[in-house]
Amino acid sequence: MAAWQRSSASNGAPVPVLSVRNLEVRYFTRAGTVQAVRDVSFDLHASESIALIGESGCGKTTLGLALLRLLPKGARIVDGEIRYRRRDGQVIDVLQLDEEEIRRFRWQECAMVFQGALNALNPVLRVWDQMLDTARAHAALSRDEVRERSERLLRMVQLEPERVLNAYPHELSGGMRQRVMIAMSLLLDPQIIIYDEPTTALDILTQRAIIEVLRALREQLDFSMLFISHDLPLAAELADRVATMYAGKIIEVGDVREIFYNPRHPYTLGLIKAVPPIVGELYDISSIPGTPPNLIEPPAGCSFHPRCPYARERCARETPPLYEVGSLHTSACHYWREVKLERQVVETGD
Amino acid sequence: MRQSTPIARAPMIPQLAARRFASVVFRSYALRRVLKAALTIYLVATLTFFIVRLMPGNPVDVYIHTLISQYGFTYDDAANQAAALFAFNPNEPLLVQYWAYLRALTRGDFGMSLVSPGTPVTSVIMTYLPWTLFSAGLGLLISFLLGIMLGMVMAYQREGVLDHILTAAGSFFQSIPNYLVAIVIVVFFGVQLGWLPITEMRGAYSPGMQPGLNLAFVKDALYHAALPILTYVLTTIGAWMLLMKSSTLSTLEEDYVTVARARGLRDGRIMRSYVGRNAVLPLFTQMAISAGFVVGGSVVIEKIFVYQGIGFILLDAINRRDYPVMQGIFLIITFAVVAANLLADLLYSRLDPRIRVSGGE
């Protein structure tokens, strides 16, 4: 399981900005206990971008919320560790922070942009007031500094600051609101920003524009990014590494090219095949059969085995660990050697 | 086609001006609302006028006949007397009367009281209305403010002990008619237990008190208004609490609240400006309706507590068939409802920027 973690440590690499170990999140509902996040571990390094990929309901948003301890009522982190390295080098345990400390941790150290672009801003306050609210909550900047920073960031996300700052959210389009949120996420210069499906509610052209904005910001500013998405090709444009999540577990992690050309988990392979290529044969597209599992009683052994074309008797019995399948590439599949992407993937992005 | 163009253009100019004026009026949310309110009041005033006069055995005729048969007036004398009291001349055509009535109304002239001759209805209303506005208005304000605060507490501590107790109490008091609460207070706490000096608390202020804006008088006025206010608060606070609770619960689900928490805002700030301010918006329409009924809804309560407000005097007028006073009070009630709705709408547009913009202000 810890293969890729070990290698990063033995390289003598610097301490990661964010280090998650064996995180377990449960929803306690009337129907039973939902195991939304199961034994998740990963490292996010300075200036690195990780894409977290998976179907709806696989626990990726829950994981994002858990990192900020923003889980809804009824959900709890029951086990694990979230270690965060501050700018001064001090490593803190996010799960041990008290209410006031976690409040200050949010946005100042780790910001999050949510998928509900249309409704993320308070409808009765102007954008400027919400910028100011955000800064004042952390008492970090003067009014003029907030103004100056807001204007600069809004320009960076291709918005007119004078117009947008004086506007109420309903006067802005969905794409503009999401840009405002992106600008706001950078307001306090956090080390980490979580983008939870930031383009989901938007049309295809706006999606593209948002991705371009994020890409430009990544080049100009220094922050680490956790990009949560169900759209692998989209995420790949922004990510250095990709982590695939299934049934609350991270089942494959690797460099973005490695994952794309050489996926070693049948589920990741299925995700790649499910997306139509821009050039290529359409009959190559196939969806993953079956439905995502019930997380109240996840399947025994490998959670994916009921839907897996490679599954054998052993898969239902034995939970696969994260095997080291390549350089900094791990996969939780007993038969990873057999998993091969047959068709030529069309190159995207670069 | 070519020839018709200049001809068609000429009459366009005044038309255009009129249309521009209309569009200015209709684009301005405030102007549109004021226009609607004025129209409503005008319609009610008209309706009151014609109903009183067109009914068989209308109060004016009844009054004239009473004067003739009981006091031996001649018809002309009786008609003159009636004209003076009702502020119109019954011998004139209806439309002329109607015009005179409207003109009197714009001057704030509602005619004379029948029962106490020589007293204009306006002065009757001016004497009693402030007390109703004071007691019922204060009752509504206390009830509303306390209700939204408790409603928010209930929503924040959902399924807690306080939530269960307040929900039960709220639905209980909400379902009891206010006059019953008033009677229970008078009979049980006043007479049976003798905890409240109800006879002393009667009236709008103590006899011998000099009305004025000083502390002693305000304290006295509050003392006398305490029981009506308590009744209004007890019977309406449940509705505010429950409305605010459900509104807060749905606001708490909104994305911007989660985002505000993610932004690290302090809980107090989120509760006030993000949850509270949005949750209270839908209650304003309700508040408007209630504020309008402040004047009309106090009738029985004021009678029970012998509180000299507009409701007290309305019941009195009904008992004594003082038609001009009744007519005046009904108009005032209408005016209050319309004005409160107007005020709430304008206030709402101040509070909710989405309304403000669609109104083009």
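**View 1. Helices H16 and H17 of chain B pack against each other.** In this close-up, helix H16 (residues 310–319) of chain B packs against helix H17 (residues 323–351) of chain B at an angle of about 145°, and their axes lie 8 Å apart. Helices (H or I, at least four residues) and strands (E, at least two) are DSSP runs that are numbered from the N terminus, while axes are lines fitted to C-alpha atoms, for helices over the stretch in contact, and angles run from 0 to 180 degrees between N-to-C directions. H16(B) passes H17(B) in a left-handed crossing, a crossing being left-handed if the near helix is turned anticlockwise from the far one by less than a right angle, and right-handed if clockwise. Ile310(B), Leu314(B), Ala317(B) and Ile318(B) of H16(B) make the contact with Val325(B), Met326(B) and Ile329(B) of H17(B), where two residues are in contact if their C-beta atoms, placed from the backbone, lie within 7 Å. By class, this contact of H16(B) with H17(B) has seven nonpolar, no polar and no charged residues; Ala, Val, Leu, Ile, Met, Phe, Trp, Tyr, Cys and Pro count as nonpolar, Asp, Glu, Lys and Arg as charged, and the others, Gly among them, as polar.

The model is predicted, and local features need pLDDT of at least 70, side-chain atom pairs count only at pLDDT 80 or more, and totals for chains, interfaces and linings use all residues. Residues are numbered from 1 along each chain as its sequence is written, and chains are lettered from A and ligands numbered from 1 in the order in which they are written.

**View 2. Chain A as a whole.** Chain A holds 12 helices and 12 strands, and along its principal axes the C-alpha trace of chain A spans about 65 × 45 × 45 Å. With 350 residues, a compact globule would have a radius of gyration near 20 Å, and the 21 Å of chain A agrees with this; the radius is taken over C-alpha atoms, and the globule rule is 2.2 Å times the number of residues to the power 0.38.

View 3. Four strands of chain A form an open sheet with antiparallel pairing, in the order E2-E1-E4-E5, and two strands are said to pair if DSSP finds at least two bridges between them. Strand E2 (32–44) and strand E5 (91–93) of chain A are the edge strands, each pairing on one side only, and the twist averages 10° from one strand to the next. Strand E1 (residues 18–29) of chain A runs antiparallel to E2(A) and is joined to E2(A) by nine bridges, and a hairpin links E1(A) to E2(A) through two residues. Within this pair, Leu23(A) stands opposite Val40(A) in E2(A), and Ser19(A) has Asp43(A) in E2(A) as its bridge partner. E1(A) is also joined to E4(A), again antiparallel, by eight bridges, and here Leu18(A) stands opposite Tyr84(A) in E4(A). Helix H2 (residues 60–67) of chain A lies across E1, E2 and strand E4 (75–85) of chain A, and runs at about 70° to E2(A).

View 4. Strand E7 (residues 192–196) and strand E8 (residues 224–229) of chain A pair in the parallel sense over five bridges, and the bridge partner of Asp196(A) in E8(A) is Ile228(A).

**View 5. Helices H7 and H8 of chain A.** Helix H7 (residues 174–185) and helix H8 (residues 204–220) of chain A pack at an angle of about 20°, with their axes 10 Å apart. H7(A) and H8(A) are therefore roughly parallel to each other, a term that covers angles under 35 degrees, whereas those over 145 count as roughly antiparallel, 65 to 115 as roughly perpendicular and the rest as oblique. H7(A) passes H8(A) in a right-handed crossing. Gly174(A), Gly175(A), Gln178(A), Arg179(A) and Ile182(A) in H7(A) meet Thr206(A), Ala209(A), Ile210(A), Val213(A) and Leu214(A) in H8(A).
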